[in-house]
Amino acid sequence: MSRRSPLNERYGRHTAPSGTTRKSAASAKLKRTSSTASGATKKPVSSASRRRPLVVHPATPEYKRLRLVWWFCLGGAIVLSTVAWLLWRNEDARTVGNWVLGAGYALIFVAVGIDWFKLRPMRQEWAATHGGDGATKPAEKS
C-alpha cells in the first residue's frame with residue numbers, strides 16, 4: 001500500500017502528470033472578431049450636435065456687482081482669519097486677535113447672506129426664463 005499525501009496531489013511536488021498543463025480561465029473567454037475590436041462602428045460627432053455650455057450665472061450688472069462683493073467678503077474673511085492667527089501668537093494681542101477673527105466670521109456670514117438671499121433668487125429666475133443655456137424658453141401652453 002502506498003502512502004498518500006494528505007494534501008491535494010496537484011500541489012504535491014513531482015505528482016502532477018507530466019506533459020500536460022491545466023487550462024486557465026482566460027482560455028474560456030470569448031474572442032472578439034476583428035470588425036468589432038477596432039470600434040469602427042462609432043459615428044463621428046458633428047459640431048451641430050454638440051451641446052452648448054450650461055450658463056447658470058446671469059450676465060446682468062447687478063448680479064456681477066453682487067458677485068464681486070461676495071468674492072471680496074470671502075477674501076476679506078480669509079485675510080482677517082490669517083491676521084487673527086498671527087495676532088494670537090503674541091500673548092498681548094490675543095484680545096485684538098479675537099476681535100479680528102469675529103470680523104472675519106461676520107464677513108463669512110455676510111457672504112452667505114448675499115448668496116442665499118440675493119444671488120440665489122437671481123440665478124433661479126435666470127434659469128427659469130432662459131432655461132439655463134442662454135436660449136429663451138417658448139411660452140407655456142394654457
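Predicted model: local features only at pLDDT ≥ 70, side-chain atom pairs only at ≥ 80, totals over all residues.
Student: How does one judge the end-to-end distance of helix H3, and what should its 37 residues span?

Tutor: The general idea is to compare an expected span with the distance between the end C-alpha atoms. At 1.5 Å a residue, H3 (residues 94-130) should span 54 Å, and its end C-alpha atoms lie 51 Å apart, which agrees.

Student: Where in H3 does a kink lie?

Tutor: The kink, of about 40 degrees, is at Leu119, shortly before the proline Pro121.

Student: Against which helix do the buried residues of H3 pack?

Tutor: An α-helix has 3.6 residues a turn, so residues three or four places apart point the same way. In H3, the buried residues include Gly97, Val100, Leu101, Gly104, Ala111 and Asp115. The buried residues of this helix pack against helix H2 (61-88).

Student: With which side chain does the side chain of Asp115 make a polar contact?

Tutor: The partner is the side chain of Arg123, at 3.2 Å. Both Asp115 and Arg123 are among the buried residues of H3. Beyond its neighbours within four places in sequence, Asp115 is in contact with Trp70, Arg120 and Arg123.

Student: Is Trp70 buried or exposed?

Tutor: Relative accessibility decides this, with buried meaning under 20%. Trp70 has 14%, so this residue counts as buried.

Student: How many aromatic pairs does a search of the whole structure find?

Tutor: The search finds one. The ring centres of Trp70 and Trp71 are 4.9 Å apart and their planes stand at 70 degrees, so the pair is edge-to-face.

Student: Over which ring does the charged end of Arg89 sit?

Tutor: That charged end sits over the ring of Trp85, 5.2 Å from its centre.

Key
Residues numbered from 1 in each chain as written. Heavy atoms only, no water. Helix = DSSP H or I, 4+ residues; strand = E, 2+ residues; numbered from the N terminus. Expected span 1.5 Å × (residues − 1). Bend = angle between axes of the 7 residues up to and from the residue. Buried < 20%, exposed > 50% of the residue type's maximum accessible area, 1.4 Å probe, protein only. Contact = heavy atoms within 4.5 Å. Polar contact = N/O pair within 3.5 Å; in protein donor to acceptor, adjacent residues only side chain to side chain. Phe/Tyr/Trp six-rings, centres within 6.5 Å; stacked < 30°, edge-to-face > 60°. Lys NZ or Arg CZ within 6 Å of the ring centre and 35° of its normal.
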